[in-house]
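Open the model in your viewer and keep the selection tool ready. The tour below goes from one selection to the next.

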Amino acid sequence: MTLRLAACAAALFLFAAAPALAQEADGQADGTAAADTTTGTKAKAKTAQPATPVDIVANEMEILDKEKKAIFRGAVDATKGTTKLRSDELVVTYADVKQPDGTTKTDATDLDAKGNVLIVTPKEKITGDWAKYDPQTEKLTVGGTNVRLVQGTTVLVGQELHADLKTGRTQMTGGRVKGSFLPK
(Lines give C-alpha, C1' and ligand atoms only; values in the text may rest on other atoms or scores of the structure.)
Protein backbone atom coordinates (compact mmCIF):
# COMPACT_ATOMS: atom_id res chain seq x y z
CA MET A 1 0.00 0.00 0.00
CA THR A 2 2.87 2.41 0.66
CA LEU A 3 4.07 2.05 -2.94
CA ARG A 4 0.57 2.77 -4.22
CA LEU A 5 0.44 5.92 -2.09
CA ALA A 6 3.84 7.07 -3.31
CA ALA A 7 2.78 6.54 -6.92
CA CYS A 8 -0.50 8.32 -6.26
CA ALA A 9 1.23 11.30 -4.64
CA ALA A 10 3.77 11.48 -7.46
CA ALA A 11 0.88 11.74 -9.90
CA LEU A 12 -0.33 15.02 -8.40
CA PHE A 13 -0.06 17.07 -11.55
CA LEU A 14 -1.96 19.92 -9.96
CA PHE A 15 1.38 21.53 -9.36
CA ALA A 16 2.58 21.27 -12.96
CA ALA A 17 1.32 24.69 -13.98
CA ALA A 18 -0.72 27.59 -12.71
CA PRO A 19 -3.48 29.41 -14.53
CA ALA A 20 -2.67 32.60 -16.40
CA LEU A 21 -4.25 35.67 -14.92
CA ALA A 22 -7.30 37.07 -16.63
CA GLN A 23 -6.58 40.44 -18.21
CA GLU A 24 -10.06 41.56 -19.28
CA ALA A 25 -13.54 41.49 -17.78
CA ASP A 26 -16.39 40.96 -20.25
CA GLY A 27 -20.09 41.26 -19.47
CA GLN A 28 -22.35 38.36 -20.49
CA ALA A 29 -25.81 38.53 -22.02
CA ASP A 30 -27.46 37.07 -18.90
CA GLY A 31 -26.29 39.99 -16.75
CA THR A 32 -23.52 38.07 -15.07
CA ALA A 33 -19.92 38.94 -15.72
CA ALA A 34 -16.97 36.85 -16.71
CA ALA A 35 -13.29 37.59 -16.83
CA ASP A 36 -11.58 35.57 -19.54
CA THR A 37 -8.12 35.37 -21.02
CA THR A 38 -5.86 33.35 -23.20
CA THR A 39 -2.17 33.88 -22.65
CA GLY A 40 -1.57 34.68 -26.29
CA THR A 41 1.26 32.21 -26.51
CA LYS A 42 0.96 28.94 -28.33
CA ALA A 43 0.90 25.85 -26.15
CA LYS A 44 4.40 24.41 -26.00
CA ALA A 45 5.07 20.73 -26.47
CA LYS A 46 5.88 19.02 -23.21
CA THR A 47 9.43 17.91 -22.84
CA ALA A 48 10.69 15.27 -20.46
CA GLN A 49 11.87 16.87 -17.25
CA PRO A 50 13.22 15.28 -14.11
CA ALA A 51 10.49 14.27 -11.67
CA THR A 52 9.85 16.78 -8.92
CA PRO A 53 8.84 15.20 -5.61
CA VAL A 54 5.41 15.88 -4.16
CA ASP A 55 5.45 16.28 -0.39
CA ILE A 56 2.16 16.03 1.51
CA VAL A 57 1.72 16.67 5.21
CA ALA A 58 -1.65 16.20 6.92
CA ASN A 59 -3.07 15.31 10.31
CA GLU A 60 -4.22 11.95 8.94
CA MET A 61 -4.23 9.87 5.78
CA GLU A 62 -6.51 7.06 4.66
CA ILE A 63 -6.16 4.73 1.68
CA LEU A 64 -9.36 3.21 0.27
CA ASP A 65 -7.76 0.72 -2.11
CA LYS A 66 -11.05 -0.81 -3.40
CA GLU A 67 -12.34 2.69 -4.19
CA LYS A 68 -8.91 3.74 -5.48
CA LYS A 69 -8.76 6.84 -3.29
CA ALA A 70 -6.19 8.42 -0.99
CA ILE A 71 -7.67 10.88 1.50
CA PHE A 72 -5.58 13.43 3.39
CA ARG A 73 -7.39 15.24 6.22
CA GLY A 74 -6.61 18.09 8.58
CA ALA A 75 -4.27 20.97 7.74
CA VAL A 76 -3.25 19.43 4.41
CA ASP A 77 -0.11 21.00 2.98
CA ALA A 78 1.04 19.67 -0.41
CA THR A 79 4.12 21.01 -2.15
CA LYS A 80 5.69 20.32 -5.53
CA GLY A 81 8.64 22.54 -6.36
CA THR A 82 7.58 26.14 -5.81
CA THR A 83 3.84 25.44 -5.92
CA LYS A 84 1.84 24.82 -2.76
CA LEU A 85 -1.70 23.63 -2.06
CA ARG A 86 -3.31 23.95 1.35
CA SER A 87 -6.77 22.70 2.30
CA ASP A 88 -8.71 20.99 5.07
CA GLU A 89 -9.05 17.80 2.98
CA LEU A 90 -7.51 16.46 -0.22
CA VAL A 91 -8.96 13.40 -1.97
CA VAL A 92 -6.87 11.85 -4.73
CA THR A 93 -8.69 9.34 -6.96
CA TYR A 94 -6.36 7.10 -8.93
CA ALA A 95 -6.39 4.32 -11.52
CA ASP A 96 -4.00 1.63 -12.62
CA VAL A 97 -2.95 2.42 -16.19
CA LYS A 98 -1.41 -0.19 -18.46
CA GLN A 99 1.76 1.05 -20.16
CA PRO A 100 2.89 0.21 -23.73
CA ASP A 101 5.63 -2.02 -22.32
CA GLY A 102 3.03 -4.12 -20.45
CA THR A 103 3.73 -2.72 -16.99
CA THR A 104 1.13 -0.91 -14.91
CA LYS A 105 1.52 2.46 -13.22
CA THR A 106 -0.78 4.38 -10.92
CA ASP A 107 -2.05 7.73 -12.19
CA ALA A 108 -4.19 10.32 -10.43
CA THR A 109 -7.50 10.76 -12.24
CA ASP A 110 -9.07 13.43 -10.02
CA LEU A 111 -7.98 15.74 -7.22
CA ASP A 112 -10.59 17.23 -4.93
CA ALA A 113 -9.56 19.78 -2.28
CA LYS A 114 -12.15 20.98 0.23
CA GLY A 115 -12.18 23.68 2.87
CA ASN A 116 -9.99 26.79 3.03
CA VAL A 117 -8.26 26.08 -0.28
CA LEU A 118 -5.12 28.07 -0.99
CA ILE A 119 -2.97 27.53 -4.09
CA VAL A 120 0.28 29.51 -4.22
CA THR A 121 2.68 29.67 -7.17
CA PRO A 122 5.61 32.04 -7.70
CA LYS A 123 3.28 34.32 -9.70
CA GLU A 124 -0.18 33.81 -8.22
CA LYS A 125 -2.28 33.14 -5.17
CA ILE A 126 -5.73 31.54 -5.51
CA THR A 127 -8.18 31.08 -2.65
CA GLY A 128 -11.57 29.39 -2.52
CA ASP A 129 -13.79 26.99 -0.60
CA TRP A 130 -13.03 24.01 -2.87
CA ALA A 131 -10.94 23.03 -5.89
CA LYS A 132 -11.18 20.21 -8.43
CA TYR A 133 -8.44 19.21 -10.84
CA ASP A 134 -8.40 16.64 -13.67
CA PRO A 135 -4.79 15.73 -14.51
CA GLN A 136 -5.75 14.14 -17.84
CA THR A 137 -7.41 17.29 -19.21
CA GLU A 138 -5.34 19.69 -17.06
CA LYS A 139 -8.48 21.61 -16.08
CA LEU A 140 -8.72 23.28 -12.68
CA THR A 141 -11.89 24.68 -11.11
CA VAL A 142 -11.88 26.63 -7.85
CA GLY A 143 -15.21 27.61 -6.29
CA GLY A 144 -16.81 29.19 -3.28
CA THR A 145 -18.49 32.32 -2.08
CA ASN A 146 -15.42 34.49 -2.59
CA VAL A 147 -12.88 32.97 -5.01
CA ARG A 148 -9.88 35.26 -5.33
CA LEU A 149 -7.03 35.23 -7.86
CA VAL A 150 -4.15 37.59 -7.08
CA GLN A 151 -1.19 38.24 -9.35
CA GLY A 152 0.95 41.15 -8.24
CA THR A 153 -1.38 44.13 -7.90
CA THR A 154 -4.10 42.57 -10.09
CA VAL A 155 -7.02 40.93 -8.27
CA LEU A 156 -10.02 39.00 -9.65
CA VAL A 157 -12.92 37.99 -7.43
CA GLY A 158 -15.89 35.79 -8.33
CA GLN A 159 -17.65 32.58 -7.43
CA GLU A 160 -15.88 30.16 -9.76
CA LEU A 161 -12.50 30.13 -11.47
CA HIS A 162 -12.02 27.83 -14.48
CA ALA A 163 -8.47 27.34 -15.74
CA ASP A 164 -7.29 25.23 -18.67
CA LEU A 165 -3.62 24.71 -17.88
CA LYS A 166 -2.90 23.32 -21.38
CA THR A 167 -4.06 26.46 -23.19
CA GLY A 168 -3.41 29.03 -20.46
CA ARG A 169 -7.05 30.20 -20.55
CA THR A 170 -8.58 31.39 -17.29
CA GLN A 171 -12.19 32.41 -16.73
CA MET A 172 -13.86 33.80 -13.61
CA THR A 173 -17.65 33.35 -13.51
CA GLY A 174 -20.61 33.51 -11.17
CA GLY A 175 -22.78 36.49 -10.43
CA ARG A 176 -20.85 39.73 -10.65
CA VAL A 177 -17.11 39.38 -11.22
CA LYS A 178 -14.80 42.06 -9.89
CA GLY A 179 -11.38 42.87 -11.32
CA SER A 180 -8.86 45.36 -10.03
CA PHE A 181 -6.04 46.14 -12.49
CA LEU A 182 -3.11 48.50 -12.06
CA PRO A 183 -1.58 49.40 -15.44
CA LYS A 184 2.21 49.49 -15.63
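Two strands pair if DSSP finds at least two bridges between them. Helices (H or I, at least four residues) and strands (E, at least two) are DSSP runs, numbered from the N terminus. This is a predicted model, in which local features need pLDDT of at least 70, side-chain atom pairs count only at pLDDT 80 or more, and totals for chains, interfaces and linings use all residues. Residues are numbered from 1 along each chain as its sequence is written, and side-chain values use heavy atoms, with hydrogens and water left out.

Start with the whole protein chain. Of its 184 residues, 40% are buried (under 20% relative accessible area, with a 1.4 Å probe and protein chains only).

Next, select residues 104-120, strand 7, together with residues 125-134, strand 8. These strands are antiparallel partners, with eight bridges between them. Four residues form the link in the hairpin from strand 7 to strand 8. Now pick lysine 114: which residue of strand 8 stands opposite lysine 114? The residue is tryptophan 130.

Select aspartate 134 and then lysine 139 in strand 9, its bridge partner. The hairpin of strand 8 and strand 9 has four residues between the strands. Finish at glutamate 138 in that turn, where phi is positive, at about 60°.

Methods:
Buried < 20%, exposed > 50% of the residue type's maximum accessible area, 1.4 Å probe, protein only.
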